[in-house]
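Here's a quick walk through the inside of this protein. Have the structure open and follow along.

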Amino acid sequence: MSSTIVHEREQDDEDVERYSKRTKTDFSAPEPSTESTESTATTHDHVLPPSHALLGIPLPEQKKDGPLNFMETDVGISEYIGRGDAKIHGIIKQRFTDFLVFEVDQDSRVIHLKDIRKPQSSKKGTTEAIEQDVATGTPTKDSNQSDAIQDMSADNGDAAAENIITSEVISEPSTESSKPARSTSQDPWPTHFDSDLAPFLSEDAIAQVKQMYLEGPEPPRISDSGWGGRTVKLAVEGEPSLPTEPANDSADKVKEDKSRDRGERGRRGGRGGRGGRSGRQDERKVMSKPIDSKDTRTAFHKIIRELFKGKLDTETDSSTSAGDDGARIVIKWARRGGGRGGGRGGRGSDGGMGRGECAPRGTYPPYIHFSLQKTNRDTQDALGHLSRLLRVNVKDLSVAGTKDKRGVTVQRVSLKRNNKIVEDVWKLANNIGGRRTEEEAVKQRGERGVRIADFNYRKASLELGMLKGNAFVITLRNVEVDSMQTLDEAMNTIKNKGFINYYGMQRFGTASVPTHSIGLALLQSNWQKAVSLILQTRHGEHPDVVTAREAWLIDGNIDKALELMPRRVVAERCILESYKKQGGDTRNAMGALSTIPRNLRLMYIHAYQSYVWNAIVSERIRTYGADRPVVGDLVFEIPVEVSQDMDVDVDDNAAERKVDLEEQGINTSSRRKSRKPYVAPRVKTLTEDDIDKYTVFDVIMPLPGTDVAYPGGKLGERYREFLRMDGLDPDNFVRKQRDYTLNGSYRAILHLPKELTWSVLHYTDPDVSLAQSDEDKLLGFDPPAIVEDGKFMALQIQLTLGTAAYATMALREITKTDTSSHFQTSLTANAEDQKYRGQDTNVAEGMDRNAS
């Protein structure tokens, strides 16, 4: 249980045993009701959960052939901090540029597009590339520092300085002046290597490691060319190793051989997928004797990393069970960047580029990071589009957090490059040679609302949660307020008192089938219902999707349905493809659901958690207000200043975090950062004596799961009542399908913006942008045209929020209006400014005179 970033993860047997006990708090919750709620859950036939009845509002009705327009109150969003304050009338997200989002990285830098031009890799290279910035060409000072993206200069005047990527090796200073000099290119195996390895390996094993290292990363050629077809015996301490070719004595020879292997053999990559290696796999390994001490194993892993700079890899031997004497450690050459010869589907290491233009591809770190701007596309959809352009598996692309669909958003993305270089990625992403030329790519907007820029090589990928929040530029249009003083008072309320930290409407989808309803079906193990909800028709969908659904639901033609179903409709395609593989048999619904990407399945689960959280927080605010803590509230048992900075909840698609329970993630082949041990957050239930020690900003509310405590008193019982009414056991969220086992997490009930400023603008034509995207700025498009004497008022808000906070929930506190998409769309359609679309100020004034 991480108290800072909460992610769903797999459980082992020890976890299951641990889940049988709940975290104890100072307040004893009432015993759960013995009355069964199964009948309630089974007889409820509305698409929304049975617990909706506890919200105190009627169920929304769906007219025939019409949408199910559910409102904020239907997902538990009902309260305000300043309910009595005067509201500001305004329309949210009328245009895409009215909602700009910029990711804030772990170093508190706001991510913007800086350079959309073609990057260029250095012509010089080494076998061990240093991480650096594309724009500056400067290696990072310390490879162990955070992999957060370096901020780049916004000045695009110096193309050479901003586009060059260098790969020169920078000597790392010794941490202790007394230590002997480390390895250099003139001394591939310094004498201190033997002494450093002596505590862990015998002399014979050290000699085997030395021989393997000096041979280089490519397995040596042998007389019968049998590396691809023979099984090589593992070199184990105390046993003779297989004979190989003599090691090269010269470090230059080692580098030359590696360069030739990667360049010449890789260029003959053939059909791809083999990397041009003719099936030669590197089976060279050296295994230590059993090591019984975990600390010794950890130190051994560390010394191998330090001595060989990640070139050699270590892992615990899994081929044999660890006995009483301990586990063995395997040493081998690390896999570099997904292969050295051409990668999957490649044409060799050139990738179509002129030979000799840049350093060998294997010399660069295994990941490429870049900035992504997307317009009116959700994150997963944009990544799917990129994966098809780049001809990679979508799993090779990673982000730190998901962003809103309706708007223009900028964030960092990491790509497991699989032997691609930045030039390849830029060309493929911009469809160079397909529909566009390089010149057109830097003069036109990115295709389908996607643009990438600002490339870096990196040693590690991004992971969900690797951000500090998001910065927003939000424009409210058609603003009506009785005075500027009222406007300033309303904005200062948000600035000083914050807003209720609800999960926004984006969490629950915009279709007639809310995502939290699918999540409840998964938690109930009602697989057929979950499939039915995913596949059923939705009002207002694209005609292609409607036709595809009907081909299956009405005609039962699975082939036609798959042919018509767009690739962006991921979950539906996965289910139908699974059914097709089963010959049309639909009985294995659970198996079909398991083919949906895990992140997407978890999104459904998290949506249900969010619905319950919203509902209970509304109950808390409605009953006790939002000014101070009350008896029964939950807070973290740590200093207040620490808890405020804790990321206790992450974005919609929380991904699996793999934790090495024995060596704590020190196997560098995974390219993941070492993580702290999984420690349960300690929470306490407030009593009368505690209330004055905390503020309302310290109060947290759990998301349902096995590892959380519920609030005390009536609120805790209300929480349990919600879950029981939906047919769930509040004290048991362990599932046989462990993807659906919920650990739970905590989230602050209020959120205070980190930064908040605002300004008033005027306009006449609602089709004219009042804010500009990064891409349009770099393309040299005209800036927004602000009309000082425009007929209508707009409020432009710049604010920065922490992770998992929804800007739309801050806006609803200002406008006191529903933020659901259909409601905002109706406001736009009926807005006064729509009469002036495409009209300038003079024409608008003439229209007014004629009307009068």
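## A441, a buried residue

Keep in mind that this is a predicted model. Let's start with A441, whose relative accessible area is 0%. Anything under 20% counts as buried, so A441 is buried. You'll find A441 in helix α10 (residues 438-441).

Leaving out neighbours within four places in sequence, A441 is in contact with W426, N430, I432, R436 and R451.

## The nonpolar cores

The largest nonpolar core has 96 residues, and I575, L593, I749 and I797 are the ones that touch the most other members. Helix α18 (residues 598-624) supplies the largest share of this core, with 11 residues. Apart from it sits another core of 25 residues, including L390, V399, W426 and A441.

Back in the largest core, take I797. Setting aside residues up to four places away in sequence, I797 touches F472, V473, I474, L476, M491, L756, T757, W758, L811 and I814.

Helix α7 (residues 294-308) has 15 residues, which should span 21 Å at 1.5 Å a residue; the end C-alpha atoms are 22 Å apart, so the two agree.

The buried residues in α7 are R297, F300, H301, I303, I304, L307 and F308. They cover an arc of only 165 degrees around the axis, so they lie on the same side of α7. Their cover includes α4 (191-197), α5 (203-215), β8 (312-316) and β9 (329-333). Just after α7, K309 has a positive phi of about 55 degrees.

How values were computed: Residues numbered from 1 in each chain as written. Predicted model: local features only at pLDDT ≥ 70, side-chain atom pairs only at ≥ 80, totals over all residues. Heavy atoms only, no water. Core = buried A, V, L, I, M, F, W, Y, C linked by side-chain atoms within 4.5 Å. Buried < 20%, exposed > 50% of the residue type's maximum accessible area, 1.4 Å probe, protein only. Helix = DSSP H or I, 4+ residues; strand = E, 2+ residues; numbered from the N terminus. Contact = heavy atoms within 4.5 Å. Expected span 1.5 Å × (residues − 1). Arc of directions from axis to C-beta.
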